[in-house]
Amino acid sequence: MLVLFETAAGYALFEVLKEGKLREPDELWKDFETPEAAKKTVKLVDFQKFENMSEAVASVSDLLEGKLSKDLKKFLKESFEKIEVSSEKLAVMEPKIGATISKKFGIQVISNETVVELYRGIKQQLDSLITGIKSDDISQMSLGLSHSLSRHKLKFSPDKVDNMIIQAIGLLDDLDKELNTYAMRVKEWYGWHFPEMSKIVVDNLAYAKVIKTMGFRSNAQTTDLSEILPEDLEKELKEAAEISMGSEISREDIDNIIMGCEQVINLTEYRAELYEYLKNRMLAIAPNLTTIVGELVGARLIAHSGSLLNLAKHPASTVQILGAEKALFRALKTKNNTPKYGLIYHASLVGQAAPKNKGKVARLVATKSSLATRFDALSEEKDVQAEMGHSNRKQIEKRIRILEGRNGDSGTKTEKDKGKKQKTDLKLVSTAPTYNPSADVAGSSKSAEYGVAGSSKSAEVSTVGIKRKAEDISAEEESEDATSEEESEEDDKSSDNESSDESSDDKPSDDKSKDKSKKKKAKKQKLEAEQKKEQPPKKIKAKEGKDKDKKEKKKKKASDHTVATSTNVIEPKEKVSKKRKKTEEDEEKETSKSEKKAKKAKKSKESSEEKKEKAEKVKPKEEKDVKKKLDKGKQKEKEKEKEKEKEKETEKESVKEVKKVEKPKTKKKDKKDKKDKKKAH
């Protein structure tokens, strides 16, 4: 059995002399207590030393990744040529390297607990097993190798490149805060001298540049501000400087204000440079993510997750809520709705969407951006042109358009939709225009034809109007009848309640009942009078409407006759007579319907009046019956009270008799007690 051992100095291959002791791994340490015992158990077969530190770093880095380096391949080839590979076994510490060696050379590889114990024993007695190398030299070599290896990892690690993005976005946010504080301080400071300027010049950078070039407000007329401001603002500023209400300041004050303005200008310039650097860095590291979300949002997502690889590991649902952790846990604690978006809300695609669709768009952007980050972080070939990102962005934009069109927002309309709308508009237009007989001109046959058609249509319209008026009048009459009946029923109920109240009193008065009956009659008379007053004007209105319709018909007939004579086009008498008969029949039907409705209304009125009269006749009889019932009830109550009094008297008498019986018994007992006492003495 062979053992492959890696050291800081190089590779070593040992042969196990006593394979039987490997069956008991707990007692292997006894064989490596002394260098002599170690030499009896293990024997060095071959050793290959590293030529320099770079070779050692390369080979160790390959081993850590589970790859075979060129030096190790050569060493194993040379050593396996001397030995029969098929019969031997090889003990390796790491199973990944063992798998690659077995595939390459076809040797059986072992990596278990016994191998770990073997490695521990060999490491303990390495000075005695490998001749020519001291333990101090090996420790120094291992220290140097570890330092160089860590330096190599930091230099070429793809995870550490996005660290620059994290630092840049953090600095950019800090610069924005500082710029705002500096600019606000300068505005407040210079505002005491020239307060009107803050409303005219809104931009912080332009404000600082104007103060630096102008100084005092009195120098506004002489200084040229065309490079900083447009003509309109420059003119307005100069006019305001003449009429300013600000206080005067000294030369020392203006010098300090100018120093603050220089700080604002320098910070804004540095911010612009930093933004360009961050933009280029993001396009180099995560081009697909930047095309979907943007430079700033992408950099903030990477900074929040820690690295690009960590962001790629996150699912789309966490990418959507990154930055809204507080709101999420608060919602879970209070059992409210969880947030729909975090840092991704500031992306341009989410901002374009309508308020209703922002949640859906944020979810869509999160899914596509998570795919883009995985592609950027894990793909071997870098997509510099960001084809995947552009295609995903187009899909998102298409989806936003569909959502806005479905919700009725300003979405893109297809040509089919436009065509449908035009067809519906055409349907709404009336097909037959009405004819104006007053604008008729004699001589043309077509105008006569249109005139006849128009008159017949107008006659039809007038008949429809009459029908509607008659129906409205009948409906109003029916509603009035219903209201009058309801009022009469309410009066009856009130009268019944009053009669019951009167009967409940102990001393009913006949005078009050008479007065109430008179008042009821007066009320009924007033209601009937009001109904009669309301009814005749409606009938008059209906008659007036009929008279107007007749007059209009006569005028239209006359116009039709003039048109026919002017154009020499005369209809046959049979057609005209048929039309007249139809119109007359329609009018007769309408009048008969209105008369029937009026008769029904009268009958309902008469029936309501008869009911009222019957109720009035029945009332005095009902009052008498109620009085009789009350008298009977009072008599019964009196009889019950008498019976109760008799029962009480009988109870009292029985109690007296019991007392009389008990008294003599008590006297006899007292006498016996006295006799007993005397005997005792």
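This is a predicted model: local features need pLDDT of at least 70, side-chain atom pairs count only at pLDDT 80 or more; totals for chains, interfaces and linings use all residues.
Biologist: Then are β2 and β3 paired in the parallel or the antiparallel sense, and over how many bridges?

Modeller: Strand β2, made of residues 10-16, pairs with β3 in the antiparallel sense, and seven bridges join the two.

Biologist: How do I read the sheet as a whole? What is the order of its strands?

Modeller: Go across the sheet, strand by strand. Here the five strands of an open sheet come in the order β3-β2-β1-β4-β5, and the pairing is mixed. At the edges you will find β3 (42-49) and β5 (108-110), each of which pairs on one side only. From one strand to the next, the twist averages 25°.

Biologist: Which strands does helix α3 lie across?

Modeller: Helix α3, residues 70-82, lies across β1 (2-6), β2, β3 and β4 (89-91), and runs at about 140° to β3. Helix α5 (residues 113-124) also packs on the sheet, where it touches β1, β2, β3, β4 and β5. The direction of α5 makes about 60° with that of β1.

Biologist: Which residues line the largest cavity?

Modeller: Its lining is made of V16, K18, K21, L22, L28, T41, V42 and L118. By type, the residues of this lining divide into five nonpolar, one polar and two charged.

Biologist: Last topic: backbone angles. What should I expect of phi?

Modeller: Most residues other than glycine have a negative phi. K335 has a positive phi, near 60°, and sits in the loop between α17 (325-334) and α18 (348-352). A386 also has a positive value, with phi near 55°; its place is the loop between α19 (358-378) and α20 (387-406).

Biologist: Is K335 buried or exposed?

Modeller: K335 counts as exposed because its relative accessibility is 77%, and the cut-off for exposed is over 50%.

Biologist: And A386, buried or exposed?

Modeller: A386 has 3% relative accessibility, so it counts as buried; buried means under 20%.

Terms used
Residues are numbered from 1 along each chain as its sequence is written. Side-chain values use heavy atoms; hydrogens and water are left out. Two strands pair if DSSP finds at least two bridges between them. Helices (H or I, at least four residues) and strands (E, at least two) are DSSP runs, numbered from the N terminus. Axes are lines fitted to C-alpha atoms, for helices over the stretch in contact, and angles run from 0 to 180 degrees between N-to-C directions. Contact means heavy atoms within 4.5 Å. On a 1 Å grid over the protein atoms alone, a cavity is a set of points where a 1.4 Å probe fits but cannot get out, and a pocket is an open set with protein on both sides within 12 Å along at least five of seven lines; lining residues have an atom within 4 Å of a point. Ala, Val, Leu, Ile, Met, Phe, Trp, Tyr, Cys and Pro count as nonpolar, Asp, Glu, Lys and Arg as charged, and the others, Gly among them, as polar. Buried means under 20% relative accessible area, exposed over 50%, partly exposed in between (1.4 Å probe, protein chains only).
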